[in-house]
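Colleague: Could you walk me through the place where the ligand sits? I am new to this one.

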Amino acid sequence: MSKLTAKTCLVTGAAQGIGARITEVFLEEGARVIAADLQYDGTGTGFDDTGRLNRHLDVTNPEQVAALAAEFPDINVLVNCAGYVAAGSVIDCTPADFQRSVDLNVTATYSVTAAVLPAMVEARDGVIINIASVVSSVMAAPGRFAYGATKAAVLGMTLSIARDFSDKGIRCNAISPGTVDTPSLHERLAATGDAEAAMTAFKARQMTGRLGTVDEIAAVALLMASDDATFMTGSNVVIDGGMSL
Ligand code: NAD
């Protein structure tokens, strides 16, 4: 039997990168997946033959979040993956970038979780997976003030949710990736003005000397979502090729 048969999953930030691969792997394991992203324009409720439903969702819009949660009261697995990397030190970080980091990385993780969790608690069955980052309370990286601060908040929220709801059939865990090869990473490389040099520097941050892959992150998300991880809650799994060593 597949690992997620009969599970309904909501993945935010599902259109590209880590969220896209988690969506594919969950589908391969028999789940129905609501793939939610700003980039999608779908508003329908019908899942396709593969079990997939692409839905437009701006996770920073509380009305849209509440409407989606009301429409799908049977969500078993929530993956909070949509996120934003702001560049700059505490001095360089603009108020707009700081606010966007808080809105997308922190407030949206709170509001999507708060919208979906009550039905999970009622069913005494739910898994929440927060995609944080090793750049958080685990370690700092140069020029990642707002990013590191907001991802540290994601880890704090993960612990709090696990503390409050693990006796109610809910498991909440975080994944903290190092540098992973995704479309937005290439945008960040291009933004440096010398993408090749930036790629060399980004690879060198990992003890393994390479970037992580979306497959490597999705494999751990699958473990957390499945019944293979029924005793895992409040954990933060660092997958960083040794970046934080
Ligand atoms: P990405 O940046 O390539 O894609 C993010 C997705 O989120 C996009 O599809 C985008 O449309 C969507 N999105 C953005 N704002 C949204 C909103 N308001 N509502 C709904 N969807 C929205 O993704 P990635 O690099 O795979 O990163 C995914 C997550 O993993 C993020 O939380 C990121 O911080 C985290 N992460 C990434 C890396 C990395 O190196 N790529 C490392 C550590 C952590």
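**The pocket and its ligand**

Modeller: The largest pocket holds about 1,200 Å³ of space. A pocket here is an open set of points on a 1 Å grid over the protein atoms alone, where a 1.4 Å probe fits, with protein on both sides within 12 Å along at least five of seven lines; lining residues have an atom within 4 Å of a point. The volume is the space filled by probe spheres set on the points, which are joined across faces, edges and corners. This is a predicted model, in which local features need pLDDT of at least 70 and side-chain atom pairs count only at pLDDT 80 or more, while totals for chains, interfaces and linings use all residues. Residues are numbered from 1 along each chain as its sequence is written, and side-chain values use heavy atoms, leaving out hydrogens and water.

Colleague: Which element gives the most to the lining of the largest pocket?

Modeller: The lining has 46 residues, with Ser184 and Arg188 among those nearest the pocket's centre. The element giving the most, with six residues, is H5.

Colleague: Which residue has a backbone N or O atom 2.8 Å from an oxygen atom of the ligand?

Modeller: Let's start with side chains: an N or O atom of Asp58 is 2.9 Å from a ligand nitrogen, and one of Lys151 is 2.9 Å from a ligand oxygen. Such polar contacts are pairs of N or O atoms within 3.5 Å. The backbone atom at 2.8 Å from a ligand oxygen belongs to Val180.

Colleague: How much of the ligand's area does the protein bury?

Modeller: Areas come from the Shrake-Rupley method with a 1.4 Å probe. Taken alone, the ligand exposes 830 Å². The share buried by the protein is 92%.

Conventions:
Polar contact = N/O pair within 3.5 Å; in protein donor to acceptor, adjacent residues only side chain to side chain. Helix = DSSP H or I, 4+ residues; strand = E, 2+ residues; numbered from the N terminus.
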